[in-house]
Amino acid sequence: AAAPPTDELLKLYKELHARTLAAAAANAWPDPSARTELARGLRRDKSGMLKPVRFASDGPLQCAAFLQAASGVVGFDDPIGLVAEARRLVFEPFVQELTRSLPPAARARVAAGVHWPSPSALHLVVTVFSEHPSLLDEKQQRRWRQVSEAQVERLGERLSAEALPPGTPAPMLLLHGYAITPDGSMIALFVPNNNSGGSITALRARLFASGVGVLGELNSRPKKLLHVSCGRLLDWPELEEAAASHAAQVVVRWSSCLARGELPQEDHLSVDCRRPWQAPTPPPGLGSVVSIREISLVRDVQWMFGEAQVYRRFELRTPRRHASHGRHETGV
């Protein structure tokens with residue numbers, strides 16, 4: 001239940017890049033099994049557009065850190081500004097290059113289905129206590145149990161007393177990089193900053209223990225990564241082999257470069273990222289320090305926090321602002 005240590009996270013991130021590259025190399029990106037999981041939380045509206053589902057009840061219950069609870073940072077207005085810059089310099093160029101590689105009908109469908117979260121929805125998942133049953137596979141659904149509002153109230157009291165009491169130090173995270181996932185999501189990846197702040201690993205362990213103490217076995221899929229979802233491709237059509245190959249080449253180019261901590265050069269369309277005489281172009285904000293200053297106990301009303309019900313907000317103790325080897329520090 002606890003977050004893995006930094007070395008394990010770096011291993012997971014390397015494996016994530018590798019899975020994306022493997023799917024693309026097989027002309028099978030986005031990965032069909034990963035898309036099946038994503039599709040559980042999507043519905044077509046009256047116009048035929050895929051949208052995150054609204055839950056009539058029992059929306060996912062979790063502790064999350066919303067980026068709107070933020071302070072200023074040198075070079076960026078706040079963490080939301082950092083994500084906006086990542087969208088502008090990393091993910092929008094990727095989507096533009098990807099859609100240009102597609103036939104016209106597929107291009108229009110994919111472009112219309114790009115989901116960019118609103119600033120109020122941007123978040124980092126800390127611990128999930130219960131998923132909505134529609135998001136789980138058949139085996140997981142058999143173990144699912146409803147979490148009542150009375151249980152949520154008791155959970156909030158337990159968190160306040162045991163997991164997040166007043167004075168809990170705010171964990172500090174470092175922005176490690178960016179990734180394109182096998183299901184077509186675009187994410188920012190973080191690792192703990194072990195030099196300052198509280199431990200995200202210990203915090204997740206305490207949240208998990210409090211959840212089990214109130215709810216019993218948790219109705220949730222394990223969340224091992226420390227990430228913020230910056231965007232998603234909600235819709236993806238079946239493609240002819242040639243079109244799938246063109247799209248895969250774009251994914252290989254971008255995923256390979258992001259795995260190396262670089263942006264691909266505009267004039268060099270290969271997995272080398274740049275010509276030999278060109279300096280690497282890093283994505284924005286690498287090494288930025290993010291302080292988790294507040295954690296919310298919250299339910300999704302619309303998946304991906306298009307709408308949310310916040311039960312409690314827990315303020316964390318933030319260490320005095322400091323400069324750390326030229327890194328930027330901000331707060332979540």
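Helix α2 (residues 32–39) has Ala-34, Arg-35 and Leu-38 as its buried residues, buried meaning under 20% relative accessible area with a 1.4 Å probe and protein chains only; helices (H or I, at least four residues) and strands (E, at least two) are DSSP runs, numbered from the N terminus. Viewed along the axis of α2, these buried residues fall within an arc of 100°, so they line one face of the helix; the arc is that of the directions from the helix axis to the C-beta atoms. Their cover includes β1 (42–44) and β8 (227–233), with contact taken as heavy atoms within 4.5 Å.

The model is predicted, with local features requiring pLDDT of at least 70 and side-chain atom pairs pLDDT 80 or more, whereas totals for chains, interfaces and linings use all residues. Residues are numbered from 1 along each chain as its sequence is written, and side-chain values use heavy atoms, without hydrogens and water.

A search of the whole structure returned 2 cavities of 30 Å³ or more. A cavity is a set of points on a 1 Å grid over the protein atoms alone where a 1.4 Å probe fits but cannot get out, and lining residues have an atom within 4 Å of a point. Points are joined across faces, edges and corners, and a volume is the space filled by probe spheres set on them.

The largest cavity holds about 120 Å³. Of its 14 lining residues, Leu-67, Val-83, Phe-190, Val-228 and Val-290 are the closest to its centre. At least two lining residues come from each of α3 (79–100), β6 (171–180) and β7 (185–197), and α3 gives the most, with 4. The lining comprises 14 nonpolar, no polar and no charged residues; Ala, Val, Leu, Ile, Met, Phe, Trp, Tyr, Cys and Pro count as nonpolar, Asp, Glu, Lys and Arg as charged, and the others, Gly among them, as polar.

The second largest cavity, of about 60 Å³, is lined by 4 nonpolar, 3 polar and 1 charged residues, including His-115, Ser-229, Arg-232 and Met-304.

Methods
1 Å grid on protein atoms, 1.4 Å probe; cavity = no way out; pocket = protein on both sides within 12 Å on 5 of 7 lines; lining within 4 Å. Buried < 20%, exposed > 50% of the residue type's maximum accessible area, 1.4 Å probe, protein only.
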